[in-house]
Every structure is written in structure tokens, then in C-alpha cells.
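Here are my notes on this chain, in the order I would talk them through. Have the model open while you read.

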Amino acid sequence: QVQLDESGGGLVQPGGSLRLSCVASGRSISTLAVAWFRQVPGKEREFVAALKRASGTTTAASSVKGRFTVSRVNAKNAAYLQMNRLEPEDTAIYYCAAGTGNPITSSLSIESTYDYWGQGTQVTVSS
């Protein structure tokens with residue numbers, strides 16, 4: 001069983017930065033596809049960014065491309081979401097997800113690709 005523990009959320013002003021962390025336990029993160037999703041209350045959860053397990057290929061939603069970067073550090077068994085130039089529209093609960101498969105790139109944005117989910121961390125962008 002894989003557990004994902006997210007941290008790093010908080011309140012930040014527009015234009016600021018935050019880095020979210022997702023520490024995995026129960027399995028090496030290098031053997032997992034990892035993704036970040038976000039959800040605003042009353043709306044559906046949406047894909048943010050993902051990292052393939054084997055190639056390390058990353059993909060991101062068009063709304064965050066160029067501002068957000070997903071990465072992992074195998075030695076820390078952790079994945080990260082670096083968020084720069086944050087906008088009020090980025091306010092949401094952010095979830096880390098991990099999957100044991102090796103999906104094609106086009107499947108990385110699909111929730112059912114992932115077997116494990118973290119509890120979520122709140123990010124609020126406001127002045």
C-alpha cells in the first residue's frame with residue numbers, strides 16, 4: 001500500500017511562489033507515475049501536471065504551463081510541484097496522485113490512471 005503525504009500549501013500573494021511536496025511511503029517513487037490535480041469547492045477536480053515513472057517525461061495543463069514544474073527526488077522518495085507567478089485562479093486544494101502503471105503521455109491527465117491519492121493541501125492566492 002502506498003501512502004502520499006502532501007505539504008507546502010498556504011497563503012501567497014499574486015505573483016508569488018510556492019513549492020508543494022509529496023512524500024511517498026510503501027513504494028519507491030521512482031517506480032510510480034506521479035501527478036498533481038487541484039479542486040475548487042463546487043467544481044470538478046482538474047489535472048495540473050504529471051511525471052512519467054520511467055522516462056521522467058513531464059506534462060502540464062495549458063493553464064499552468066511555463067509557471068508550474070513537476071519533479072521528483074528519488075533519494076527523498078518525494079515529488080514536488082514548483083508553482084511560480086501564482087494567480088488568484090490557482091487557488092484550490094492540490095492533490096498528489098501516484099500510479100503503478102506506465103501510462104502513455106495522453107493518459108497522465110486522467111484521474112483513473114492513478115491508484116493512490118494524498119489528502120490534499122490548500123493553496124490560496126490572494127492579496
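**Notes on the fold and a few residues**

1. Let's begin in a loop: Asn77 sits between β7 (68–73) and β8 (78–83), with strands being DSSP runs of E of at least two residues and helices runs of H or I of at least four, numbered from the N terminus. The phi of Asn77 is near 50 degrees, a positive value in a residue that isn't glycine. Asn77 is also buried, at a relative accessible area of 17%; buried here means under 20%, exposed over 50%, and partly exposed in between, with a 1.4 Å probe and protein chains only.

2. A word on provenance. This is a predicted model, where local features need pLDDT of at least 70 and side-chain atom pairs count only at pLDDT 80 or more, while totals for chains, interfaces and linings use all residues. Residues are numbered from 1 along each chain as its sequence is written, and side-chain values use heavy atoms, with hydrogens and water left out.

3. Arg85 also has a positive phi without being a glycine, in this case about 45 degrees. You'll find Arg85 in the loop between β8 and β9. Its relative accessible area is 49%, so Arg85 counts as partly exposed.

4. Now the whole chain. There are 11 strands and zero helices, so the pattern along the sequence reads β-β-β-β-β-β-β-β-β-β-β. The radius of gyration is 13 Å, close to the 14 Å from the globule rule for 127 residues, so the chain is as compact as a globular protein of that length. For that comparison, the radius is taken over C-alpha atoms, and the rule is 2.2 Å times the number of residues to the power 0.38. Along the principal axes, the C-alpha atoms fill a box of roughly 40 × 25 × 25 Å.

5. How much of the chain is buried? Of the 127 residues, 44% are. The accessible surface comes to about 6,200 Å², and carbon and sulfur atoms own 46% of that (Shrake-Rupley method, 1.4 Å probe; for residues, only the protein chains shown count as cover).

6. Contacts (heavy atoms within 4.5 Å) reach across the sequence. Among those with a separation of 6 or more, 61% link residues 24 or more positions apart.

7. β1 runs antiparallel to strand β3 (residues 18–25), joined to it by five bridges; two strands pair if DSSP finds at least two bridges between them. Gln3 stands opposite Ser25 in β3.

8. Which residues does Ala97 touch, leaving aside neighbours within four places in sequence? The list is Leu4, Ala33, Val34, Ala35, Phe37, Tyr114, Tyr116 and Trp117. Ala97 lies in strand β9 (residues 92–99) and is buried, with a relative accessible area of 0%. Ala97 and Phe47 are 50 residues apart in sequence, yet 10 Å apart in space, C-alpha to C-alpha.

9. Ser109 belongs to the loop between β9 and β10 (116–117). At a relative accessible area of 35%, Ser109 is partly exposed. Beyond its neighbours within four places in sequence, Ser109 contacts Phe37 and Phe47. Ser109 and Ala49 are 60 residues apart in sequence and 7.5 Å apart in space, C-alpha to C-alpha.
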